[in-house]
Amino acid sequence: MKVSHIEHLGIAVKSLETAIPYYENLLGLKCYAVEEVAEQKVKTAFFKVGQTKIELLESTDPEGPVGKFIEKKGEGVHHVAFAVEGLQETLDMVAEKGIALIDHSPRKGAEGLNIAFLHPKSTFGVLTELCENPNK
Ligand code: CMX
């Protein structure tokens, strides 16, 4: 697999409205985008930290992945996203190695990225996202 960098860290929060001021006022980061990803049942807020982003995730549905996560584990780090080259080929290679995939082919995520998740049961408890920028 060719990983270039950590594209973002996904952090589950109960409310973007109350979490964003912490990142802006204490850490001095700027929230540059808020976007709803209806398919994932989340509203997202983005901050840049060097080449990596922080993606805050507020659930829009208690039965969605982030809603269920917060109910079970509370707020906190939800996933790590790695930027890769050649997402579909990477997924095929990962599947061949016996890692459980949540997505066998890329789907659209926030910011127009192509994304796919690996199951945390196969990745030492860390929900892992692989993503590729189709415009690069
Ligand atoms: N990190 C680590 N473990 C997680 C997890 C996470 N983020 N989310 C769930 N789990 C664990 C649960 O703790 C549970 O473990 P146990 O069986 O030991 O109790 C197990 O996975 C099953 O959890 P569940 O609550 O029953 O949830 P589901 O099986 O229905 O779904 C998962 C879990 C990971 C398959 C689902 O959350 C998923 O498909 N996630 C990928 C999509 C996603 O997270 N989208 C939101 C972000 C979108 C974005 O970035 O744009």
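**Before you start**

This is a predicted model, in which local features need pLDDT of at least 70, side-chain atom pairs count only at pLDDT 80 or more, and totals for chains, interfaces and linings use all residues. Residues are numbered from 1 along each chain as its sequence is written, and side-chain values use heavy atoms, with hydrogens and water left out.

**Stop 1: the sheet**

Colour the strands. Helices (H or I, at least four residues) and strands (E, at least two) are DSSP runs, numbered from the N terminus. You are looking at an open sheet of eight strands with mixed pairing, in the order β2-β3-β4-β1-β5-β8-β7-β6. Two strands count as paired if DSSP finds at least two bridges between them. Which are the edge strands? They are β2 (31-37) and β6 (107-108), and each of them pairs on one side only.

Next, follow β3 into β4. These strands are antiparallel and are joined by eight bridges, and Val-42 sits opposite Ser-59 of β4. Their hairpin has two residues between the strands, and Gly-50 takes a positive phi near 65° there.

Now step across to β1. Its pairing with β4 is parallel, over six bridges, and Gly-10 faces Glu-55 in β4. Towards β5, the pairing of β1 is antiparallel, with eight bridges; to see part of it, select Ala-12 and Gly-76, which stand opposite each other. One more step along the sheet, β5 and β8 pair in the parallel sense over four bridges, with Ala-83 partnered by Cys-131 in β8.

**Stop 2: helix α2**

Select residues 65-73, which form α2. Which of its residues are buried? Val-66, Gly-67, Phe-69 and Ile-70 are buried (under 20% relative accessible area; exposed means over 50%, partly exposed in between, with a 1.4 Å probe and protein chains only). Look down the axis of α2: the buried residues fall within an arc of 165°, so they line one face of the helix. That arc is taken from the directions from the helix axis to the C-beta atoms. On the other side, Lys-68, Glu-71 and Lys-72 are exposed. The cover over the buried residues includes β1, β3, β4 and β5, where contact means heavy atoms within 4.5 Å. After α2 comes Gly-74, with a positive phi near 85°.

**Stop 3: helix α3**

Move on to residues 87-96, helix α3, and show Leu-87, Thr-90, Leu-91 and Val-94, its buried residues. They fall within an arc of 100° when seen down the axis of α3, so they too line one face of the helix. An α-helix has 3.6 residues a turn, so residues three or four places apart point the same way. Turn to the other side of α3 to find Glu-89 and Glu-96 exposed. The buried residues of α3 pack against β5, β7 and β8. Just after the helix, Gly-98 has a positive phi of about 90°.

**Stop 4: the largest pocket**

On a 1 Å grid over the protein atoms alone, a pocket is an open set of points where a 1.4 Å probe fits, with protein on both sides within 12 Å along at least five of seven lines; lining residues have an atom within 4 Å of a point. The largest pocket holds about 890 Å³ of space. It has 35 lining residues, and Pro-65, Phe-69, His-78, Pro-120 and Leu-127 are the closest to its centre. Which element gives the largest share of this lining? It is α2, with seven residues.

**Stop 5: the second largest pocket**

Finally, select His-5, Glu-7, Ala-83, Asn-133 and Lys-136, the residues nearest the centre of the second largest pocket, which has 16 lining residues. Its space is about 370 Å³. The largest share of its lining comes from β1, with three residues, while β1, β5 and β8 each supply at least two.

Notes:
Points joined across faces, edges and corners; volume = space filled by probe spheres on them.
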